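Open the model in your viewer and keep the selection panel at hand. The tour goes chain by chain, then residue by residue.

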Amino acid sequence: MKKIQLIFCIVLLIHVNAKAQTNLDKLLPVRGICMSAPDPEGLDQFIDFINNELVPRKLNTLVIRIGYRYKYKSHPELVSENALSKSDVKKIVTACEKGNIRIIPQINLLGHQSGGNRLGNLLKTYPEFDETPHIEMPEEYVWPNPDNLYCKSYCPLHPEVHTVVFDVVDEIVKAFKTDAFHAGMDEVFYLGDDKCPRCQGKDKAELFAGEVTTIRNHLAQNDIELWIWGDRLLDGKTTGIGLWEASYNNTHRAIDMIPKDVVINDWHYERPDPTAAYFAMKGFKVITCPWRFPEVTKTQLDMMVNFKKYATPDTKDNFQGMLHTIWTGSDNFINQFYGREEVKTNRGGNWVDAFKALFDEIEQLDVDYYLEYEKK
Amino acid sequence: MLMKNLITSIFIVLFISSPLMGQQKLDEILPVRGICLSSPNPDGVDKFVNFIRDELVPLKVNTLVILIDYGYQFKSRPELTGENALSTEDVKKIVQACKEGGIRIIPQINLLGHQSWFQSVGQLLKAYPEFNETPYVPMEGGSTDLKWPNEWGLYCLSYCPLHPDLHDVLFDAIDEMVEVFEADAFHAGMDEVFYLGDDKCPRCQGRDKAELFAGEVTKIRNHLAQNGIELWIWGDRLLDGRATGIGFWEASYNNTHRAIDMIPKDVVINDWHYERPDPTAAYFALKGFKVITCPWRFPEVTKTQLQMMIDFKKDATPEVKDNYHGMLHTTWTSADNFIDQYYARKEVNTGRGGNYVEAFKVLFKEINKLGN
């Protein structure tokens, strides 16, 4: 008799736990982190981190910024030093599969084609794709500068750029056995440049929307979802959100020009801007992306679950969840996580604390409360 | 001795000034704390004025949108005057009570839409049937009783915004209304405009509905702006009813929502949602508009809407902080009814659930907790 009772209790516990998991998935379909891909020497530490820290916290999404640090067979000329091999990637994929984590590789497209005073691999190998070839990379990089150079862009209208880029995108999607790809597309300052023979005089919102749509359509042929950062789709002046987390270069009208199945990663680090509601009501799935301020992060989570609670049926699923961002090397981050290294930033906050706070709060959420809405 | 006096003086000053500081704080947290009431009949003016003095002022209501429509004895356009219209004297009593109570009064006339109600044609279209956007829709003895829904898709008639003689008439009435109320703002309604750009209208046929709507908003705004008068409108036509799932009443199914990017940014949006606390205030504010959330009959929804307004404002960028402009409670019954229901002399009976008196009371109870 006792044995049966015990079995019954165990079954009930498993069922209840499974249901709780399903409800959490309903409330926050995306519970993720965005990290830089490790170097080959850091691979094992990275995988341990997935197993020991991400899985137990019920993370289910990992955006991995790999760029050209993979041994692409289709374009070996683009491969970086310290690139991961196919079997390296397989190890990551296996760990994520086991831990029920959806892994989404990221390569910066359109913008972020340089960093500081160094050209990115694409423009180094294919200088003809440079939107602004007349802008020389400086000896020493400072911001601001007379060229208004933050990062270079590739020219979205160059007839050959997509031939190269799509090879690489397709290969990485395949290597990660994934159903989604993150194209970056944040902070694109050089766009529709006056000196570009193809882009000159064209509407910047249309150019941006055109590139998003081109990439989305290519991925859609194989049912791959496109994820992008949302900043170019926000009006930086009217909202006061500024030129980084929103747009000062007239791209924001693109929000009404791109397919609605593009998933928006809406990043705000200083304030809990209510932009998730804006994107959701425009018909997009949106994910809020915090960084280094624990209190802001907690408020951002609070907003996401409240928006979801009160949403109309048509927009409920647009409020998709949270993706914590880490803008330091994964090695660094893991060391900082375990207190082996200090979190050092002159911009305030602590992204390790913020990450831990986010997932502590998620753990403590009264999921059922946010899943129901009673009109009274 | 001197020290004791000094300390006492400091305390007295602090004590006296703290309500002022609290009041100032409340104005900062919620610039608009309002109610939208139907205008009274002439025999209900005193009751109305008493209600302002006895109930609204102590609750720190500072805005009254009065749905007077054509219920005023116009001198410039007597042909528009409706039944039971208030005289100048009546209006001045109300104006005086509001002045004394620190309440900004904003008169409302329904423009563009709401030019009829069930089978009665509104005053404007009665006097000027040529302004009717859809003169072929039968109003008298209609086969369908004109209940909703009906074969004509008729909710309310609209006037044709492109009729060349329309605005001469309208602006006379609006100017007179603004003047008699000594107002610095005018509420043009403009909600639930279903008939727009009708295929049979010789002027509007084939035109973009968002452009038509935006054109009318802009025209009215520009006219008012000549005298420094602010334009207030309901926000529903500016929201995409399908993408947001908000539907075709509280948002638009007739492709007007793009008008949000076509109208001047100084139009004040009255964003009304009664069933859910939709986060549309953030949408309007981020688009650069001052926005006021307008609840109705569900107390808990109302409380959440207030909390959202406050939270949005608290974390807003400097550019949009002032866009989160406050709350305006709506009542949608006659002033007489509302006042009787407020004093529990009559029951609140809406077949749609909720209790708008309770919601109003809850709203201002919560508001008064926020500041002194």
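Select the charged side chains of chain A. There are 44 positive and 54 negative charges, and their mean positions are 6 Å apart. Lys and Arg count as positive, Asp and Glu as negative, with His and the chain ends not counted. Each charge is placed at NZ of Lys, CZ of Arg, CG of Asp or CD of Glu.

A note on the ground rules. This is a predicted model, in which local features need pLDDT of at least 70 and side-chain atom pairs pLDDT 80 or more, while totals for chains, interfaces and linings use all residues. Residues are numbered from 1 along each chain as its sequence is written, chains are lettered from A and ligands numbered from 1 in the order in which they are written, and side-chain values use heavy atoms, without hydrogens and water.

**Chain A, whole**

Switch to cartoon. Chain A shows 13 helices and ten strands. These are DSSP runs numbered from the N terminus: helices are H or I with at least four residues, strands E with at least two. The C-alpha trace spans about 80 × 50 × 45 Å along its principal axes. The radius of gyration of chain A is 21 Å, which agrees with the value near 21 Å for a compact globule of 376 residues. That radius is taken over C-alpha atoms, and the globule rule is 2.2 Å times the number of residues to the power 0.38.

**A:Phe176**

Select A:Phe176. Find it in the loop between helix 5 (161-175) and strand 6 (180-184) of chain A. Is A:Phe176 buried or exposed? It is buried, at a relative accessible area of 1%. Show its surroundings: leaving out residues up to four places away in sequence, A:Phe176 touches A:Ile64, A:Ile66, A:Val89, A:Val93, A:Ile103 and A:Pro105. Contact here means heavy atoms within 4.5 Å. Draw a distance to A:Val93: the two C-alpha atoms are 6.1 Å apart, across 83 residues of sequence.

**A:Asn145**

Move to A:Asn145, in the loop between helix 4 (121-125) and helix 5 of chain A. A:Asn145 is buried as well, with a relative accessible area of 17%. Its side chain reaches the backbone oxygen of A:Val142 at 2.9 Å.

Chain B has eleven helices and ten strands. Its C-alpha trace spans about 85 × 45 × 45 Å along the principal axes. Buried residues are 59% of its 372. Color by charge: chain B carries 38 positive and 51 negative side chains, with the centres of the two sets 6 Å apart.

**B:Thr63**

Last stop: B:Thr63, in strand 2 (residues 63-67) of chain B. B:Thr63 is buried, with a relative accessible area of 2%. Which side chain does B:Thr63 join in a polar contact? The partner is B:Asn62, at 2.8 Å. A polar contact is a pair of N or O atoms within 3.5 Å; within protein, one must be able to donate a hydrogen and the other to accept it, and residues adjacent in sequence count only if both atoms are side-chain atoms. Beyond four places in sequence, B:Thr63 touches residues including B:Val32, B:Ile103 and B:Trp232.

Notes:
Buried < 20%, exposed > 50% of the residue type's maximum accessible area, 1.4 Å probe, protein only.
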